[in-house]
Amino acid sequence: MLAAVQKNATRGDPRSVVKAIDQFCRQKEWAMNVGDEKGCILDSVVTEVNPATVLELGTYCGYSTVRIASLLPSNAKLITLEFNPDYAAIACQVIAWAGLEDKVQLVEGASGDWIPKMKEKFGIETFDLVFLDHWKDRYLPDTKLMEECGLLRKGSILLADNVICPGTPDYLEYIRNSPRYKSQYFKSHLEYTKVEDGLEKSVFLG
Ligand SMILES: O=C(NCCCCc1cc2ccncc2s1)c1cc(-c2ccc(F)cc2)cc(O)c1O
Ligand SMILES: [Mg+2]
């Protein structure tokens, strides 16, 4: 995938990086990027929220990191967490190829360990937008952890990938029934396939 980016995408052009990855995943080898279809929904939410601070849980190869960072205002900050060092190493190069390294802070480690340290380590008050795309059984515990750590404010947006496939049933149950969130489901498809999947967008009501 990285070779395809370096071969087919223009340095400093995020859109060409996104296009090169989508082409590679459609023509050569499926990969678990959010993909072009759900990516358009992600883009519209980022544009609508126009966030100053973003947390991405699950960098993988940096595809959604590039999509999000390319839409952020100049002073905005995107912190992205990746557990797997091999993925993180690739993502770092993909983000650099897109010329977005100044907007992105890539952190290696587990969400459960890093979320409680966000304020002290990165000087973050609260996140305007959180994109959940990591272990599907961590969406719920990490959301509760973010609440407990005071990382969400009235109006913070949570956008969760894969709520149908692979699925995050406990997260959906919680977020759709909690009086502290207003949720909306965006029906789509699993990246590069016809399988149903979707994004759940939730506003924290405080
Ligand atoms: O597992 C997925 N994504 C998480 C990878 C886990 C990486 C982590 C990052 C991190 C950061 C901080 N703390 C802990 C963690 S753990 C994932 C899987 C599929 C899929 C769908 C159908 C299939 F047949 C096979 C795979 C599709 C997707 O869009 C995904 O996002
Ligand atoms: Mg995903």
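This is a predicted model: local features need pLDDT of at least 70, side-chain atom pairs count only at pLDDT 80 or more; totals for chains, interfaces and linings use all residues.
I started with Cys-92: its sulfur is 12 Å from the closest cysteine sulfur, in Cys-61, so that pair is too far apart for a bond. A disulfide here means two cysteine sulfur atoms within 2.5 Å. I then searched the whole structure and got zero disulfides.

Residues are numbered from 1 along each chain as its sequence is written, chains are lettered from A and ligands numbered from 1 in the order written, and side-chain values use heavy atoms, leaving out hydrogens and water.

Back to the cysteines. I looked up accessibility for Cys-92 and found 46%, so Cys-92 counts as partly exposed. (Buried is under 20% relative accessible area, exposed is over 50%, and partly exposed is in between, using a 1.4 Å probe and protein chains only.) Cys-165 is partly exposed as well, at 23%.

While at Cys-165, I checked the backbone. The peptide bond from Cys-165 to Pro-166 is cis, with omega near 5°. Pro-166 belongs to helix H9. (Helices, H or I with at least four residues, and strands, E with at least two, are DSSP runs numbered from the N terminus.)

Next came Asn-162, in the loop between strand S5 (152-160) and H9. Its phi is near 65°, a positive value in a residue other than glycine. Asn-162 counts as buried because its relative accessibility is 4%.

I found Asn-50 in the loop between helix H3 (35-49) and strand S1 (53-57), and it is partly exposed at 47%.

Then I turned to ligand 1. Which residues are closest to ligand 1? There are 19 residues around the ligand, and the closest are Ser-111, Asp-133, Lys-136, Asn-162 and Glu-191. (Being near means having a heavy atom within 4 Å.) An oxygen atom of ligand 1 is 2.8 Å from a side-chain N or O atom of Asp-133, and for Lys-136 I noted 2.9 Å from a ligand oxygen to a side-chain N or O atom.

Last, I looked up Lys-117, which lies in the loop between helix H6 (111-114) and helix H7 (118-122). Lys-117 and Cys-149 are 32 residues apart in sequence but 8.9 Å apart in space, C-alpha to C-alpha.

Notes:
A polar contact is a pair of N or O atoms within 3.5 Å; within protein, one must be able to donate a hydrogen and the other to accept it, and residues adjacent in sequence count only if both atoms are side-chain atoms.
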